[in-house]
Amino acid sequence: MNVLVTGGAGFIGSHLVDALLARGDAVRVLDNFSTGTRTNLAHCAAQIELVEGDVRDLATVERAAQGCHAVLHEAAIVSVAESFMRPEETRDVNAGGAANVLHAAREAGARRVVIASSCAVYGDARALPLGESAPPAPLSPYAETKLAAEDQCRAACAAKGLDTVALRYFNVFGPRQDPSSEYSGVIARFMQAAIAGRGCTVYGDGRQSRDFVFVSDVVRANLLALDAAALGGVAINVGTGTRTSLLHIIHRLGNLVGKEIAAAFAAARVGDIRHSQADIARARKLLGYEPAVAFGDGLAVTLEWYRQQPKARGRG
Ligand SMILES: NC(=O)c1ccc[n+]([C@@H]2O[C@H](COP(=O)([O-])OP(=O)(O)OC[C@H]3O[C@@H](n4cnc5c(N)ncnc54)[C@H](O)[C@@H]3O)[C@@H](O)[C@H]2O)c1
């Protein structure tokens, strides 16, 4: 199958590229390298086709989608903080980009588009675990744009021959996640701090919890979504169905590095949600998805990867 991966130079996108190549698909990547890196694709550069460009530019997206049977759409402005600072640009990239991808996929005669959505669409949940029928309550421009992309995804299914699905990722972690901003994935930041022998900065009391899903499980959900029978634009949670507190992560990390890691507590961040946990019944039913990587195993693999990175990669 010919597959286009938008955002393929990013954290999750580059793992998708690896998995597609491993199963023999032909892969094209569309990325503008705003947050993704060439390093993430260096090991497979000779095996992929790279289109350097922006998902906001329809002609570029059409060129990238030509001849593709399916699209995995990961490209986005992914920082919630940035989405508050640049709401219009976030809308253009995340919602406008999704519209372009869906249009180009339809024009190219693709049969499936899988778009990356987010658990952020739920806002601050009252009841856990979060099923897809929970009313969306976006708390940021980022979440609003992800919801808008989901709507387009559903609508695009009306087009002959095109089927779509939106995967609502929970908190993804693993190798290649960029730890360089204070808004990066918390595990990436804690790892950097632990490796450098520093304490971890915890916003709030550390008892807040998230459904942390290892990147290879997210990849598998995408491959299952590529190959599934018609999904009709539905939204599907991708998580583990469990949740882990920040204090527990610090404790586990301490065990892995062989010494206790100090937590430096700072004021809770405005807008941070307290707990999050996916109900993955729909993913099980429609995709046959089952998370396969235990949290501790994912943490160990990720720590090993960060240990091997040059120090310059991030400030933790
Ligand atoms: N990491 C998570 O925990 C998480 C959780 C929920 C949803 N998601 C979603 O998963 C997807 C991938 O996220 P990630 O964590 O790998 O982030 P990432 O920043 O590593 O990847 C995003 C990629 O998109 C590219 N990109 C950004 N704007 C672009 C544009 N205008 N044109 C072309 N390419 C562009 C970037 O260069 C980067 O390679 C995103 O859609 C994100 O919203 C991620």
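Mentor: Helices (H or I, at least four residues) and strands (E, at least two) are DSSP runs, numbered from the N terminus. Please keep in mind that this is a predicted model, in which local features need pLDDT of at least 70 and side-chain atom pairs count only at pLDDT 80 or more, while totals for chains, interfaces and linings use all residues. Residues are numbered from 1 along each chain as its sequence is written.

Trainee: Which residues of α1 are buried?
Mentor: They are F11, I12, G13, S14, H15, L16, V17 and L20. A residue is buried if 20 or more other C-beta atoms lie within 10 Å of its own, exposed if 12 or fewer, and partly exposed in between, with C-beta atoms placed from the backbone.

Trainee: What comes after α1?
Mentor: G24 follows, with a positive phi near 95 degrees.

Trainee: Changing topic, which residues are closest to the ligand?
Mentor: G7, G10, T35, G36 and A76 are the closest of the 29 residues that surround the ligand. A residue is near a molecule or strand if its C-beta atom, placed from the backbone, lies within 6 Å of it.

Trainee: And which element gives the most to that shell?
Mentor: α1 does, with three residues. At least two residues each come from α1 (11–22), β2 (26–31), α4 (87–108), β5 (112–118) and β7 (171–173).

Trainee: What is the order of the strands in the open sheet?
Mentor: The seven strands run β3-β2-β1-β4-β5-β6-β11, with parallel pairing. Two strands pair if DSSP finds at least two bridges between them.

Trainee: Which strands stand at the edges?
Mentor: β3 (49–52) and β11 (235–238) do; each has a single partner strand, so one side of each is left without a neighbour in the sheet. Neighbouring strands of this sheet are turned by 20 degrees against each other on average, direction ignored.

Trainee: How many bridges join β1 to β2?
Mentor: Five bridges join β1 (residues 2–6) to β2, and the two run parallel. N2 stands opposite A26, and V3 stands opposite V27.

Trainee: Is β2 enclosed or open?
Mentor: Five of its six residues are buried, so β2 is largely enclosed by the rest of the structure.

Trainee: How much of α7 is covered?
Mentor: Most of it: 11 of the 13 residues of α7 are buried. Among them are V215, D217 and R220.

Trainee: Where does L231 sit?
Mentor: L231 is in the loop between α7 and β11. With 19 C-beta neighbours inside 10 Å, L231 counts as partly exposed.

Trainee: What is L231 in contact with, beyond its neighbours within four places in sequence?
Mentor: L231 is in contact with D163, V165, A225 and L286. Two residues are in contact if their C-beta atoms, placed from the backbone, lie within 7 Å.

Methods:
Axes are lines fitted to C-alpha atoms, for helices over the stretch in contact, and angles run from 0 to 180 degrees between N-to-C directions.
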